[in-house]
Amino acid sequence: MSKPATTRFQAPAIDKLPEDIRTRILAVQEKSGFVPNVFLTLAYRPDEFRAFFAYHDALMEKDSGLSKAEREMIVVATSAANQCHYCVIAHGAILRIRAKNPIIADQIAVNFRKADITPRQRAMLDFAMKVSQQANTVSERDFAEVAGHGFSDDDIWDIAAIAAFFALSNRLANVTAMRPNDEFYMMGRLPK
């Protein structure tokens, strides 16, 4: 039995959504085999759905100095700190797939400082966590530390923007009691 995406803010049925949103949701469903609950939850507010996913895609889908797996590491680490059940599980699945590593998401979610990651990735996550948890204390020393691991100014912006964007996402997911789809739990854990 399928659980509702959220218990409070119910989106209209998919066939009642604006065409652009319906098309995007159906494309995701075709690719993944299910509709991630974030799409259904955010469809409650169509204009915000569009803005959210436009910024999400601008941050998470581009080519730059951060790999797509590293971007997902930021999401998993900061979402764990923000106690966001949905994002840890959903983005943990994406991280396992993008990193081709069935245990990395669990390591990062529990304690990224003990995870099997590079010193560069640890510095990236240290910076992301500071942005997520204590942005008001970010200093030139923090910039120097992360830059010392080979991150450009554009990379540092990306790290900060991903941490900040997912702080918003974490809060919306928590307020709406958004549930991770059951499908996410096993994705990327077993070889195909």
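This is a predicted model: local features need pLDDT of at least 70, side-chain atom pairs count only at pLDDT 80 or more; totals for chains, interfaces and linings use all residues.
**The largest pocket.** Begin by selecting Val28, Lys31, Pro36, Ile94 and Arg98, which lie nearest the centre of the largest pocket among its 27 lining residues. The space here amounts to about 790 Å³. Next, colour helices H1 (19–32), H2 (37–42), H3 (46–60), H5 (85–99) and H9 (153–175), each of which supplies at least two lining residues. H5 contributes the most, with 7 residues. Colouring the lining by class shows 17 nonpolar, 4 polar and 6 charged residues.

**The annotated segment.** Select residues 46–96, which an unreviewed UniProt entry lists as "domain: Carboxymuconolactone decarboxylase-like". This stretch is 80% helix and 0% strand, and its end C-alpha atoms are 30 Å apart.

**Salt bridges around Glu61.** The whole structure contains 13 salt bridges. Display Glu61, Lys68, Glu72 and Arg98, which a network of salt bridges links. Within it, the closest N and O atoms of Lys68 and Glu61 are 3.6 Å apart. Glu61 also pairs with Arg98, again with closest N and O atoms 3.6 Å apart. Glu61 sits in the loop between H3 and helix H4 (68–81) and Arg98 in helix H5, so this pair ties together parts 37 residues apart in sequence. Glu61 is partly exposed, at 35% relative accessible area, and Arg98 is partly exposed at 30%.

**From H4 to H7.** Finally, select Glu70 and Arg120, whose salt bridge has its closest N and O atoms 2.9 Å apart. The pair links helix H4 with helix H7 (residues 119–134), across 50 residues. Glu70 is buried, with a relative accessible area of 8%, whereas Arg120 is partly exposed at 23%.

Methods. Residues are numbered from 1 along each chain as its sequence is written. Side-chain values use heavy atoms; hydrogens and water are left out. On a 1 Å grid over the protein atoms alone, a cavity is a set of points where a 1.4 Å probe fits but cannot get out, and a pocket is an open set with protein on both sides within 12 Å along at least five of seven lines; lining residues have an atom within 4 Å of a point. Grid points are joined across faces, edges and corners, and a volume is the space filled by probe spheres set on the points. Helices (H or I, at least four residues) and strands (E, at least two) are DSSP runs, numbered from the N terminus. Ala, Val, Leu, Ile, Met, Phe, Trp, Tyr, Cys and Pro count as nonpolar, Asp, Glu, Lys and Arg as charged, and the others, Gly among them, as polar. UniProt positions are given in the numbering used here, feature names are shortened, and annotations may be inferred rather than shown by experiment. A salt bridge is a side-chain nitrogen of Lys or Arg within 4 Å of a carboxyl oxygen of Asp or Glu. Buried means under 20% relative accessible area, exposed over 50%, partly exposed in between (1.4 Å probe, protein chains only).
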